[in-house]
Amino acid sequence: MLTPLMFGQTILSAPMGYTLLALFSVLWISLGVWWGRKAKSYDGFAVAGRNVGLALGTATAVATWITSNTTMLAPQFALQLGIWGALAYSTASFGLFAFAPMSGRIRKLMPQGYTAVEFMRRRYGQLGSIPFLVISLFYSLTWLVSMSMAGGKLLNVLSGIPYEIGMSVVVGVCVLYTLFGGMYAVIGTDFIQSLIILIGLVVVAVAVMLQVDLATVHASLEAERPMLLSIMFPAALMALFNNMLFGFGEIFHSNVWWSRAFAMREGVGPKAYALGGLIWLPVPLVAGFLGLAAPALGIGISQPDTVGPLVAATLLGTGGAILVFVVVFCSLASSIDSLLAATSDLIVNDIAEPLLTMQSSDAERRRMSSVAIIGIGGLAWCFAIPNYGTLATVLFFAGPMVGSCIWPILGGLYFRSASPVSACLSMVLGSVAGLVAYFQIGWFTASLVGAAVSGIVFLVTNIFAKDAFEFATLSQTLDEQQEATAT
Amino acid sequence: MNFPLWFLQLMVIGGTALCAIGSLALIAFLILDKKDNQIW
């Protein structure tokens, strides 16, 4: 039996944790300032000049989708739900594959667009955009708060840094570099973060395989926890479909992904998202393997949510613990910065601008973005600082809500006949039905029910209320739209 | 009925290989983009 490497209750000493935190904080902020020199105009700040190439486009899709949940929760999923647990997690990559062709269409239909809500407003009017904006803001803020809380908790679990300090540093650093560099900094740091995460996972997985062969892992699971190998594991099978639909809903609706579609050079989006999905797909499988290998390695797990770091630290010593700390910090930063940038775009373009009577100048929009980033970061910090455990679970309420956005978005992007009434009703009724399923049946059915009800409502209402939308109007500038409305 | 050993091997070895290929592919894309001056 291997003895887990521990400093008291953690895998890394607190001084080492503070040193790593300081080093990477300085690195991300410096890069933000460096890339910020390019982000002078609003287009540069919000969508990186709309000229992002394949390397950074692919890396940003991978890094943003690897949250701290992917690296920490996937081993726990595998330890509790077995092979199906790891497979269920990896189905979240299907959302990236499905979004690949959509990103090309989005870029083509709205070459000057900024946000997903802007599309819904111009496609469906207020009937479609208001419920969509509410869902988008709820999802963005709950994801941001849960990531901030995860940051504080993980740094505490890994190195003993107090929750309040760890959480504040993670949020503060991400706010600062996003503030200086906008989308340039977000996408640029994503490239470095995705490489660190992928290489880190390969090193840890190879170390585990050198220590114990897969036949032993399989035999140990068969003897001690046969359920984890079972092909018929009902809860895990439900989790598979639920996770897949949650993933579709998250990617299809979230401005995190739309803003990247607008930022990539024409023709790059479909390739970058498809390749990003392919590179992301194995990440939960490899991370999940750490959970499956724990029993064979004889590593006693008292806290299942730290099984991944514990396995890495036990096999690789201090080097492994440092690697895990860095991978987790990168996973957190790559998601938090994306949320800050994408949500600030929503606030500027879909809340502030429509409320202003005059069209704001480039400099004013840039200033509004900065204020929005600080405001969103501050709001997330305020919600996260009391460390209410139940707050993190609120993100799961978003599952049925984003699941109910799948059909209105697909219909709106590809079919002229998709109508505002159908879009509105399907989002509202799908969300309500999914939330009822969440409380009455269980979390693993919520997105499934939300997406199914929303799809049926969307199809049925569209029979009675058809639209004849002109897609060409989506590429018009604001002046052209006003001129067309006047005539 | 359980998942066979070969499936676990495929999942873990295949997954690790894909992660390694993915990181190499990102570096290769960056070099190609840089060559064509198309990073941003």
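Buried residues here have under 20% relative accessible area, exposed ones over 50%, and partly exposed ones fall in between (1.4 Å probe, protein chains only). By that scale A:Leu474, at 2% relative accessibility, counts as buried. This is a predicted model, in which local features need pLDDT of at least 70 and side-chain atom pairs count only at pLDDT 80 or more, while totals for chains, interfaces and linings use all residues. Residues are numbered from 1 along each chain as its sequence is written, chains are lettered from A and ligands numbered from 1 in the order in which they are written, and side-chain values use heavy atoms, with hydrogens and water left out. Helices are DSSP runs of H or I with at least four residues, numbered from the N terminus.

**Helices of chain A**

- Helix α14 (residues 307-355) of chain A spans only 49 Å between its end C-alpha atoms, whereas a straight helix of 49 residues would span 72 Å at 1.5 Å a residue. The expected span is 1.5 Å times one less than the number of residues.
- A kink of about 145° in α14(A) is centred on A:Gly317. The bend at a residue is the angle between axes fitted to the seven residues ending there and the seven starting there.
- Because 39 of its 49 residues are buried, α14(A) is largely enclosed by the rest of the structure.
- Helix α7 (residues 126-159) of chain A, with 34 residues, reaches 48 Å from its first C-alpha to its last, close to the 50 Å expected at 1.5 Å a residue.
- Of the 34 residues in α7(A), 24 are buried, and the helix is mostly covered. Just after α7(A), A:Gly160 has a positive phi of about 85°.

**Salt bridges**

- Over all chains, 7 salt bridges are found. The criterion is a side-chain nitrogen of Lys or Arg within 4 Å of a carboxyl oxygen of Asp or Glu.
- A:Arg121 and A:Asp350 form a salt bridge whose closest N and O atoms are 2.8 Å apart. The pair links distant parts of the chain, with A:Arg121 in helix α6 (residues 116-124) and A:Asp350 in helix α14, 229 residues apart. A:Arg121 is partly exposed at 27% relative accessible area, and A:Asp350 is buried at 7%.
- A:Asp467 and A:Arg123 are joined by a salt bridge of 3.7 Å, N to O. A:Asp467 lies in the loop between α20 (443-464) and α21 (478-486) of chain A and A:Arg123 in helix α6, so the pair ties together parts that are 344 residues apart in sequence. A:Asp467 is partly exposed at 28% relative accessible area, while A:Arg123 is buried at 2%.
- A:Arg260 and A:Asp190 form a salt bridge of 3.4 Å, N to O. A:Arg260 belongs to helix α11 (residues 255-263) and A:Asp190 to helix α8 (residues 163-211) of chain A, so parts 70 residues apart in sequence are tied together. A:Arg260 and A:Asp190 are both buried.

**The loop position of A:Leu474**

- A:Leu474 is in the loop between α20 and α21 of chain A. Its C-alpha is 9.3 Å from that of A:Gln112, though the two residues are 362 apart in sequence.
- Beyond neighbours within four places in sequence, A:Leu474 contacts A:Leu109, A:Met110, A:Phe119, A:Arg122, A:Arg123 and A:Phe469. Contact means heavy atoms within 4.5 Å.

**Chain B: B:Asp33**

- B:Asp33 is in helix α1 (residues 5-35) of chain B. B:Asp33 is buried yet has no salt bridge, the nearest side chain of opposite charge being A:Arg265 at 5.3 Å. For charge, Lys and Arg count as positive and Asp and Glu as negative; His and the chain ends are not counted.
- Not counting residues up to four places away in sequence, B:Asp33 touches A:Gly53, A:Leu54, A:Ala55, B:Gln38 and B:Ile39.

**Cysteines**

- The structure holds 0 disulfides over all chains, a disulfide being a pair of cysteine sulfur atoms within 2.5 Å.
- The sulfur of A:Cys424 is 11 Å from the closest cysteine sulfur, in A:Cys405, too far for a bond.

- A:Ala48, in the loop between α2 (42-47) and α3 (54-65) of chain A, has a positive phi of about 50° although it is not a glycine. A:Ala48 is buried at 1% relative accessibility.
- B:Asn37, in the segment after α1 of chain B, has a positive phi near 55°. B:Asn37 is exposed at 71% relative accessibility.

Conventions
Helix = DSSP H or I, 4+ residues; strand = E, 2+ residues; numbered from the N terminus.
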